[in-house]
Amino acid sequence: VDAALTFIDKAQKAHKPFYINVWPDDVHGPFWPPVDKWGDGSTRQKYLGVLEAMDTQFAKLFDRIRNDNKLRDNTLILICSDNGPAKGAGRAGPFKGFKTHLYEGGIRSSLIVWCPKWIPKKAQGTRNKTSVFSAIDLVPSLIDFAGAQAPKDANYDGEKLLDTLLGASTKSRRAPLFFCRPPDRKNFYGFNNLPDLAVRDGKWKLLCDYDGSRAELYDLSNDPGESTNLKSKMSTVADRLSAQVVAWYKATTRK
């Protein structure tokens, strides 16, 4: 954070726009907060301790931007979460699974967007529970926000969703999202024989093994906790998504 503050000062003195990407690993295990924040020493308390310490550090950066009229009105801040909580540390609310799982508790991540001048007042302080997009959509969206030009040979997997980021739309990405489980985590955090692949397409979420077997199909608009497998009832959807995710996996692993 201190390095980011120094960078901002230099950029302002040079009258140049800037982009800062800060990736703190504080809230990723193992958790080592300041000693006075260990609490009872449990994983949960140490996790909360590193989270509080991280917030304290970020406060210096956010105050710097918020208290500068030029920066406050012309800066977009995105706070992105890591994928899923470690068991015993963070919590995923109603969602199933933990970190490294392909269930929603393992892959759904929170996102906070701050940019008062550019976010409509009616959207400020609200929560978008509808849109489906991924971190891969941030790159083309941020290029769009900055009015920059992408390299001519760039071929992004992401889509431009700036209006969604700024709260002016609830539009979702058009293309499906594909996921692959870490290969060494077939059995993890008390879940045995976990699915290998997953795909999200609109309201539909399908999980299966590398060969498309043992498919699980969920309608996340009605079942965010992934409790009712609709594979038999919606076999056409299940077959289509199974074929897509298996083809994607084979294409990405082909030598």
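1. Two strands are taken as paired if DSSP finds at least two bridges between them, and helices (H or I, at least four residues) and strands (E, at least two) are DSSP runs numbered from the N terminus. The model is predicted, so that local features need pLDDT of at least 70 and side-chain atom pairs count only at pLDDT 80 or more, whereas totals for chains, interfaces and linings use all residues. Residues are numbered from 1 along each chain as its sequence is written, and side-chain values use heavy atoms, with hydrogens and water left out.

2. The strands β3-β4-β5-β6, in that order, make up an open sheet of 4 strands with antiparallel pairing. Because β3 (177-180) and β6 (216-219) stand at the edges with a single partner strand each, one side of each is left without a neighbour in the sheet. Neighbouring strands are turned by 15° against each other on average, direction ignored, where axes are lines fitted to C-alpha atoms (for helices over the stretch in contact) and angles run from 0 to 180 degrees between N-to-C directions.

3. On one flank of β5, 5 bridges link it to β4 in the antiparallel sense, and alanine 198 has leucine 207 of β5 as its bridge partner. These two strands, β4 and β5, form a hairpin with 2 residues between them, and glycine 202 in the turn has a positive phi of about 65°. Strand β5 (residues 204-208) is also joined to β6 by 4 bridges, again antiparallel; here tryptophan 204 is partnered with aspartate 219, and leucine 206 with leucine 217.

4. Of the residues in β5, 5 of 5 are buried, buried meaning under 20% relative accessible area, exposed over 50% and partly exposed in between (1.4 Å probe, protein chains only). Trp204, Leu206 and Cys208 point one way from the strand, while Lys205 and Leu207 point the other way.

5. Helix α7 (residues 235-253) lies across β3, β4 (197-201), β5 and β6, and runs at about 120° to β4. Contact means heavy atoms within 4.5 Å, and leucine 206 touches residues including Val199, Leu217, Ala238, Leu241 and Val245, not counting residues up to four places away in sequence.

6. A nonpolar core is a set of buried Ala, Val, Leu, Ile, Met, Phe, Trp, Tyr and Cys residues joined through side-chain atoms within 4.5 Å. The largest has 13 residues, and those with the most contacts inside it are Trp204, Leu206, Cys208, Leu217, Leu241 and Val245. While β4, β5 and α7 each supply at least two residues of this core, α7 gives the most, with 5 residues. Another core, of 9 residues, lies apart from it, and among its members are Ile8, Leu61, Ile65 and Leu71.
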